[in-house]
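Morning, everyone. I have one structure to walk through, so please look at the screen.

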Amino acid sequence: MKPLIIDSEITLIPYYPNYDTALPWYQDLDVCRQVDNIDCTYSLERLQKMYSFLSTHGDCFYIQYQGVLVGDVTLRNDQEVCIVVCKDFQNKRIGRRCILKMIELAKEKRMDQITAEIYPFNTQSQKMFLSIGFIKTGEETYTYQLS
């Protein structure tokens, strides 16, 4: 995989083990709740298992914003998209631009749709996905039709 340039601010860097940078993103209780609906932070072991799964079941990237790694995004082989942007960089339209790039990648892979699982309390993510064109298709499922 090669880096994917989104715009002058954002580049998606193919996953490589970089736990010292990524672990702090998952040390924020609010972020962990948004991602996994848990009330604890990630251990190094949990982070390693997560990245091992994501990187072997799809295209996993770090999100580089203005030269700094600020999160990760994955287009899984099962057509699910997953994204995390660390708290300090949320509300800068980073997630929106990354998801739009994942839609492009899904089209290149000839997927017919992509889905996102979003917890009911995560209204910030729900609004962002709906504004892009995803439709709520289940209690926690949002779907974007590609064909």
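I will start with the overall fold, then turn to one helix and a few backbone angles.

First, the ground rules. This is a predicted model, where local features need pLDDT of at least 70, side-chain atom pairs count only at pLDDT 80 or more, and totals for chains, interfaces and linings use all residues. Residues are numbered from 1 along each chain as its sequence is written, and side-chain values use heavy atoms, with hydrogens and water left out.

Now the fold. The chain has five helices and eight strands. Helices here are DSSP runs of H or I with at least four residues, strands are runs of E with at least two, and both are numbered from the N terminus. In sequence order, the pattern reads β-β-α-α-α-β-β-β-α-β-α-β-β. The radius of gyration is 14 Å, close to the 15 Å from the globule rule for 147 residues, so the chain is as compact as a globular protein of that length. That radius is taken over C-alpha atoms, and the rule is 2.2 Å times the number of residues to the power 0.38. The C-alpha trace spans about 40 × 35 × 30 Å along its principal axes.

How much of the chain is buried? Buried residues make up 46% of the 147. Buried means under 20% relative accessible area, exposed means over 50%, and partly exposed is in between, using a 1.4 Å probe and protein chains only.

Contacts next, meaning heavy atoms within 4.5 Å. Take contacts between residues at least 6 apart in sequence: 57% of them join residues at least 24 apart.

On to helix H5, residues 123-132. Its buried residues are Gln126, Met128, Phe129 and Ile132. They cover an arc of only 165 degrees around the axis, which puts them on the same side of H5. The arc is that of the directions from the helix axis to the C-beta atoms. What do these buried residues pack against? Their partners are strand S5 (81-85), helix H4 (94-108), strand S6 (113-117) and strand S8 (141-145). Just after H5, Gly133 takes a positive phi of about 125 degrees.

Two more backbone angles to look at. Most residues other than glycine have a negative phi. Gln79 is not a glycine, yet its phi is positive, about 75 degrees. Gln79 sits in the loop between strand S4 (68-76) and S5. Asn91 also has a positive phi, near 65 degrees. Asn91 is in the loop between S5 and H4, and it is exposed, with a relative accessible area of 67%.

That is my tour. Over to you.
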